[in-house]
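Reader: I'm new to this one. Could you show it to me and then walk me through it?

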Amino acid sequence: MSSSKFNFKIRVIFLVASLARFEPSLGLYLGQRHVNIVNKLENHETLMIHCWQNSDDMGKRYLKYDEEFQSAFIDLFTFQHVNIECDMEFKDGDMTRRGHFLVYDSSHDVRTRECYKWCNWSVGTYGLYAYDEVDHKWDYEIPWPSNNRF
C-alpha cells in the first residue's frame with residue numbers, strides 16, 4: 001500500500017473518531033462517560049446500592065430520595081471492556097425488593113437506547129428507568145426483581 005493511501009485512511013479514521021466524539025447521533029462516542037443512578041423511589045425509602053466496575057468494588061452506599069450514585073470513566077472504544085453492575089435493595093412496605101442490575105457494558109447494549117456521554121438511570125418502585133439523551137425522555141427498562149447479567 002502506498003504511503004499516500006495509508007495516510008488518507010488514517011485521516012478518515014481520525015475524522016470519524018473526532019466526529020463521533022462530538023456527535024453521538026452517529027452512533028459512537030469516544031471520551032468520558034458518566035453513569036448516574038438517582039433514587040426516585042415513590043415511597044421515599046432509602047435505596048441501598050452496591051456497585052462494581054469490572055471487578056473493582058465501588059462500595060456500598062445508602063441513597064436517600066433524590067440522592068445519586070455517580071461514576072465517570074474514559075471509554076476507549078474497542079481498546080478496553082468496561083461494565084458496571086449494581087446490587088440494589090429497598091423496603092416496600094413489609095417487603096424488601098432486591099435486584100442485580102447491569103447498568104453499563106461497553107461490549108453490548110444493556111438499554112433499549114444506547115447512552116453516550118451520560119448514562120442516567122432513575123430507580124423507582126417498579127424498576128429502573130433510563131434517560132434517552134437523543135429524545136430527552138425517560139424509558140422504563142428493567143423491572144424489580146432483576147438479575148439481568150449477561
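Author: Let's begin with a term: pLDDT is the predictor's confidence in each residue, from 0 to 100. This is a predicted model, where local features need pLDDT of at least 70 and side-chain atom pairs count only at pLDDT 80 or more, while totals for chains, interfaces and linings use all residues. Residues are numbered from 1 along each chain as its sequence is written, and side-chain values use heavy atoms, with hydrogens and water left out.

Reader: What is the mean pLDDT of the protein?

Author: Of its residues, 70% reach 70 or more. The mean for the protein is 80.

Reader: How many residues apart are Cys 51 and Cys 86?

Author: Strands here are DSSP runs (E, at least two residues), numbered from the N terminus. Cys 51 sits in β2 (residues 47–53) and Cys 86 in β5 (residues 83–92), so the pair links distant parts of the chain. They are 35 residues apart.

Reader: Are Cys 51 and Cys 86 buried or exposed?

Author: The cut-offs use relative accessible area with a 1.4 Å probe and protein chains only: under 20% is buried, over 50% is exposed, and in between is partly exposed. By that scale, both Cys 51 and Cys 86 are buried.

Reader: How many bridges pair β5 with β6?

Author: Two strands pair if DSSP finds at least two bridges between them. β5 and β6 (residues 95–105) form a hairpin with two residues between them, and Gly 93 in the turn has a positive phi of about 70°. Asn 83 stands opposite Asp 105 in β6. The strands run antiparallel, and the number of bridges is ten.

Reader: Which residue meets Glu 89 in a salt bridge?

Author: A salt bridge is a side-chain nitrogen of Lys or Arg within 4 Å of a carboxyl oxygen of Asp or Glu, and the whole structure has four. One of them joins Asp 92 and Arg 97 at 2.9 Å, N to O. Glu 89 is partly exposed at 25% relative accessible area. Its partner, at 2.9 Å N to O, is Arg 98.

Reader: How far is the C-alpha atom of Lys 40 from that of Tyr 129?

Author: Lys 40 lies in the loop between β1 and β2 and is partly exposed, at 31%. Leaving out residues up to four places away in sequence, Lys 40 touches Tyr 65, Asp 66, Ser 122, Val 123 and Gly 124. Lys 40 and Tyr 129 are 89 residues apart along the chain, yet their C-alpha atoms are separated by 9.8 Å.

Technical notes
Helices (H or I, at least four residues) and strands (E, at least two) are DSSP runs, numbered from the N terminus. Contact means heavy atoms within 4.5 Å.
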